[in-house]
Amino acid sequence: MPYNLLKGKKGLIFGALDESSIAWKVAMRCHEEGAALTLSNAPIALRMGKINELATAVNAEVVPADATSAEDLKKLFQRTMEIHGGSIDFVLHSIGMSPNVRKNKPYTDLNYDFYMKTLDISAASLHKIVQTAYQLDALNEWSSIVALTYMAAQRVFPNYNDMADAKALLESVARSWGYHYGIKKNVRVNTVSQSPTYTTAGSGVAGFDIFYNYAQAMSPLGNASADECADYCVTLFSDLTRKVTMQNLFHDGGYSLTGVSEKVMELFKEKGSPT
Ligand SMILES: NC(=O)c1ccc[n+]([C@@H]2O[C@H](COP(=O)([O-])OP(=O)(O)OC[C@H]3O[C@@H](n4cnc5c(N)ncnc54)[C@H](O)[C@@H]3O)[C@@H](O)[C@H]2O)c1
């Protein structure tokens with residue numbers, strides 16, 4: 001049900017590839033809540049994905065940008081401001097990719113060129129996006145920036161590989177920008193740490209089904225879906241959360257603070273074991 005939470009606001013959404021993408025769901029919900037949007041993704045994703053279908057559905061222009069390229073990002077923000085007739089109110093960073101994960105290189109045998117790409121695409125891109133906005137003065141007072149992350153930044157999930165390092169860096173970049181942009185213009189910056197979700201990036205992690213099911217069995221409320229993540233992002237872009245900043249916000253049905261659940265304990269019950 002729409003609440004008009006983003007009426008009159010303008011936003012830039014990175015990372016919608018197809019209808020399973022979390023960014024796709026966020027764009028749909030922001031549109032429902034009254035926001036005017038610009039969409040962006042890497043040029044290759046524009047050719048291979050379905051972002052133009054989303055653009056039609058939410059009445060937005062798609063502006064290609066490789067999020068690792070400062071030059072592309074500058075052009076993107078300039079175009080975004082042209083489209084909206086001035087500065088905007090929110091940005092979603094929903095970007096992740098690891099060539100090591102794609103090529104099945106384990107954490108114990110990383111290719112370091114790939115490693116640098118992982119960090120650049122999945123984490124440094126947030127720095128570049130925010131720095132571009134900051135230097136072009138592209139965001140209004142009390143704007144909100146959200147980046148999506150995963151709990152592998154805090155705890156080890158072996159198959160998450162070098163993406164864990166990227167997420168730790170991403171969360172740190174968000175905190176640091178939360179300070180600097182807060183001081184300059186009351187702009188808030190947060191990360192949302194989302195449950196495992198079936199998407200192109202998510203399903204690329206080896207054993208994804210297993211850790212999806214494990215998280216489902218551990219979380220008192222069950223895994224959070226992409227649609228529920230979109231709802232949460234809408235609240236963070238709205239004026240209802242203006243003093244929430246520099247936080248890593250778990251959106252995971254309680255998984256992150258559950259030591260063990262009864263469902264998981266059942267799996268380890270052995271007949272005759274000492275109590
Ligand atoms: N799916 C999950 O289980 C899960 C859980 C927690 C957090 N996340 C995070 O959510 C975010 C979105 O991922 P998703 O699961 O929706 O998958 P997705 O594959 O739909 O989205 C990833 C996006 O990153 C874009 N991208 C890759 N390289 C880029 C570049 N150089 N420039 C610009 N864009 C680029 C892709 O084109 C794609 O649109 C990622 O940061 C991911 O790590 C996902």
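Colleague: Let exposed stand for over 50% relative accessible area, buried for under 20%, and partly exposed for in between (1.4 Å probe, protein chains only). What is the relative accessible area of tyrosine 112?

Modeller: This is a predicted model, in which local features need pLDDT of at least 70 and side-chain atom pairs count only at pLDDT 80 or more, while totals for chains, interfaces and linings use all residues. Residues are numbered from 1 along each chain as its sequence is written, and side-chain values use heavy atoms, with hydrogens and water left out. On that basis tyrosine 115 is buried at 16% relative accessibility, whereas tyrosine 112 is exposed, with a value of 58%.

Colleague: What kind of aromatic pair do tyrosine 112 and tyrosine 115 form?

Modeller: The whole structure holds 14 aromatic pairs, where rings of Phe, Tyr and Trp (its six-membered ring) pair if their centres lie within 6.5 Å, with planes under 30 degrees apart counted as stacked, over 60 as edge-to-face and the rest as tilted. For tyrosine 112 and tyrosine 115 the centres are 6.2 Å apart and the planes stand at 75°, so the pair is edge-to-face.

Colleague: Which helix holds both tyrosine 112 and tyrosine 115?

Modeller: Helices (H or I, at least four residues) and strands (E, at least two) are DSSP runs numbered from the N terminus. The two tyrosines, tyrosine 112 and tyrosine 115, are three residues apart, about one turn of the helix that spans residues 112-136, namely helix 6.

Colleague: How many residues apart in sequence are the parts that tyrosine 150 and phenylalanine 211 tie together?

Modeller: The ring centres of tyrosine 150 and phenylalanine 211 are 6.0 Å apart with planes at 20°, so this pair is stacked. Tyrosine 150 belongs to the loop between strand 5 (139-149) and helix 7 (163-185), and phenylalanine 211 to helix 9 (residues 208-218), so the separation of the parts they tie together is 61 residues.

Colleague: Which residue has its charged end over the ring of tryptophan 142?

Modeller: A charge sits over a ring if NZ of Lys or CZ of Arg is within 6 Å of the ring centre and within 35 degrees of the ring normal. Lysine 184 does this for tyrosine 134, at 4.5 Å from the ring centre. For tryptophan 142, the charged end lies 4.7 Å from the ring centre and belongs to arginine 242.

Colleague: Which strands stand at the edges of the sheet?

Modeller: Counting two strands as paired if DSSP finds at least two bridges between them, seven strands form an open sheet with parallel pairing, in the order 3-2-1-4-5-6-7. Two of them have a single partner strand each, so one side of each is left without a neighbour in the sheet: strand 3 (61-62) and strand 7 (248-251).
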